[in-house]
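Here is a short briefing on a ligand site and a set of strands. Start with the site, then turn to the strands.

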Amino acid sequence: MGKVWELNFSGKAQNVRPSPIREMLSVIRQPGMISFAGGMPAPDVFPVKEFHEGAEVLLRDGQNLLQYGTTEGYAPLKEFLAEWTAPRMGRKVSSDEMLLTSGSQQVLDLMGWAMIDPGDYIITEDPSYLAAFTAFYNHGSRFIGIPTDAEGMVVDTLPETIEKARSQGKKIKFIYTIVNFQNPAGCTLTLERRKKLVDISHRYGIPIFEDDPYGYVRFDGEHLPSIFSLDPEGGVIYAGSFSKILAPGTRIGWCTGSRDIIRKLTVFKQALDLCSSPISQALIYEYCRKGYLDRHLPNIIADYRAKRDAMEESFRKYLPLDEVNWVKPEGGFFYWIHMPRIDAGELFKKAIEKKVAFVTGSPFFANGGGEHNARINYTYSKPDVIEEGVKRLGEAIREML
Ligand SMILES: Cc1ncc(COP(=O)(O)O)c(C=O)c1O
């Protein structure tokens, strides 16, 4: 009996790969470890009391909320979101242009169902979000990586790359971009590049998937228009999330796009989970309806800005400045550091001995690279812990030179 499952596994199951970060995270759960490795919000900024207030909705509307909901999402929350996101989206979208999902991670999987046949190519930033690679890879996709710099994806390289790929018979299904405070690189796509990207998308007939879970967590500078708002032709799907602006335990995200793609994603979602939790959606709605989202967001931003500043200051104080370079992020969760003379995998081992953890750069590249990079999270730890962790990291780096 032992092999009865193995012998019957799908081709997909034979190819599936566990996340390298999850494996790393198990190493770092040791006492005394300072972790810059995860991508988690700080638990002490969760608005527990305000969120709990909304639970009263169960007494008022429990018979409805404890029932199955619609696949499309809880209508009052959709209406709120359409209004709340209008400045970023360029207009108030209608209900059939939006789908509420079980985290924005589900949008990634749904896009796989709707768009990817085995062997298709997705264009991503190099580096990009690891769990996006996994989600698309599970549908059989391959990847073409486009380099990034401080201004986000280097879109000028796209036309040549697309033409070359097409001449080799590669089928490109969409361009996946994390526009604001990218995970892992921390960079934000400039307005000029956003416009160029839309032009390129039109020229080559390749749609864009704009993933934006961090966009509202901006510390400095001005918000930029979404790519969605720059494309009146409807070739952009936008994904957002409550995970970073409220709490990831709500497991609610959304996507906005033209009716045809939203309809397709909705049909696939029916088979995945029938609907996202009506209870969770209603609790979020209660929270938002009372104005807490707008009132609390500045607290989250202030907390993370202070931590970003603590990290910047500690970097300057403790890292060998001629060996490490970075771009100060204007928002989001991560620093992405580059150490031309240091192998990040070796540094990881040394850092773990000193009880500080980060994520090495390589897993964020689909086709190799990142050996000299590290992703460092600053939202989770308190400022004094950040200072101590960077001090240990600086010692580890110095010992390797
Ligand atoms: C770029 C990006 N997209 C999507 C997600 C998924 O977030 P969630 O499913 O919690 O909305 C994350 C989470 O870290 C992310 O970094």
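A polar side-chain atom of S241 lies 2.6 Å from an oxygen atom of the ligand, a polar contact (a pair of N or O atoms within 3.5 Å). This is a predicted model, where local features need pLDDT of at least 70, side-chain atom pairs count only at pLDDT 80 or more, and totals for chains, interfaces and linings use all residues. Residues are numbered from 1 along each chain as its sequence is written, and side-chain values use heavy atoms, with hydrogens and water left out.

- The ligand is surrounded by 13 residues (a heavy atom within 4 Å).
- The closest are S104, D211, Y214, S241 and S243.

**Strands**
- Strands β3 (residues 121–126) and β4 (residues 142–149) pair in the parallel sense over six bridges; strands are DSSP E runs of at least two residues, helices H or I runs of at least four, numbered from the N terminus, and pairing needs at least two DSSP bridges.
- From β3 the chain crosses through helix α8 (residues 130–137) to β4, a right-handed β-α-β crossover (clockwise from first strand over helix to second, with the strands pointing away from the viewer).
- In β4, F143 stands opposite I122.
- β4 pairs with β5 (residues 152–153) in the antiparallel sense over two bridges.
- β4 and β5 form a hairpin with two residues between them, and T148 stands opposite M153 in β5.

Conventions:
A polar contact is a pair of N or O atoms within 3.5 Å; within protein, one must be able to donate a hydrogen and the other to accept it, and residues adjacent in sequence count only if both atoms are side-chain atoms.
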